[in-house]
Amino acid sequence: MRRLFLYFALLIAVYWERHLAFGVTHLMYYSALLGQWNGLANSVFDLDTDTIKVAAATNIYAPNQDTHDFFDDITNEVTGTNYTAGGATLTSPTVSRTTGTVTFDGADIVWTQSGTGFSTARKFPIYKSTGVAATSRLFSVVTADADVGNVTGDLTIAWNASGIATWTTT
């Protein structure tokens, strides 16, 4: 699994969409990439066996790819009914390789509708959860082009059919 991340340097193409189409930006955190090479404690991801979570934060959270490394760097996490602090656990995570392409995927994330839910989520950090924010390594953050939430309907992160992330390995 450690070798998988060496391929980050070659190419990363990440896809993400919601049932209602909107644009997104996806950024990798530097420490997530660096840790794959230098072997720092708590830095290596095993995407198909670690507990991977997706949290929701407001647009006020300003991701810093160079200095944010653990979940305790995330600010302005949303609150509301049907949202648990720390986000939702990615279920059915898989890592596969076919003809030079490695794919990381998992089940869609759904925050069920609630009239007292949240409507201001725009940043969605993906991270390896250890149960302790100060040791839960950040992987990447997806930014929607508008605020979204679960006040008027389910908020579903429907990962692209090509997976959450793909890397070319040839």
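## Close-up views of a predicted model

View 1. Asn160 sits in the loop that runs between strand S11 (155-158) and strand S12 (165-168). Look for its side chain: one of its polar atoms is 2.7 Å from the backbone nitrogen of Ser162.

**View 2. Tyr83 and Phe118, an edge-to-face pair.** Let us turn to the aromatic rings. The structure holds 6 aromatic pairs. In the pair shown here, the ring centres of Tyr83 and Phe118 are 5.6 Å apart and the planes meet at 75 degrees, so the pair is edge-to-face; the cut-off for that label is over 60 degrees. Tyr83 belongs to the loop between strand S4 (52-54) and strand S5 (88-89), while Phe118 belongs to the loop between strand S8 (109-111) and strand S9 (121-128), so the pair ties together parts that lie 35 residues apart in sequence. Tyr83 and Phe118 are both buried.

**View 3. Trp111 and Phe124, a stacked pair.** Here the ring centres of Trp111 and Phe124 lie 6.3 Å apart with the planes at 25 degrees, so this pair is stacked. The cut-off for stacking is under 30 degrees. Trp111 is in strand S8 and Phe124 in strand S9, and the pair links distant parts of the chain, 13 residues apart. Both Trp111 and Phe124 are buried.

**View 4. Four rings in one aromatic cluster.** Which residues form the cluster? Tyr83, Trp111, Phe118 and Phe124 do, and together they make up one aromatic cluster.

**View 5. Ser92, a non-glycine residue with positive phi.** Ser92 is not a glycine, yet its phi is positive, at about 55 degrees. You will find Ser92 in the loop between S5 and strand S6 (94-98). Is Ser92 buried or exposed? Its relative accessible area is 53%, so Ser92 is exposed; the cut-off is over 50%.

**View 6. Thr99, another loop residue with positive phi.** Thr99 is a residue other than glycine with a positive phi, near 45 degrees. Its place is the loop between S6 and strand S7 (101-105). With a relative accessible area of 78%, Thr99 is exposed.

Definitions and conventions:
Residues numbered from 1 in each chain as written. Predicted model: local features only at pLDDT ≥ 70, side-chain atom pairs only at ≥ 80, totals over all residues. Heavy atoms only, no water. Phe/Tyr/Trp six-rings, centres within 6.5 Å; stacked < 30°, edge-to-face > 60°. Helix = DSSP H or I, 4+ residues; strand = E, 2+ residues; numbered from the N terminus. Buried < 20%, exposed > 50% of the residue type's maximum accessible area, 1.4 Å probe, protein only. Polar contact = N/O pair within 3.5 Å; in protein donor to acceptor, adjacent residues only side chain to side chain.
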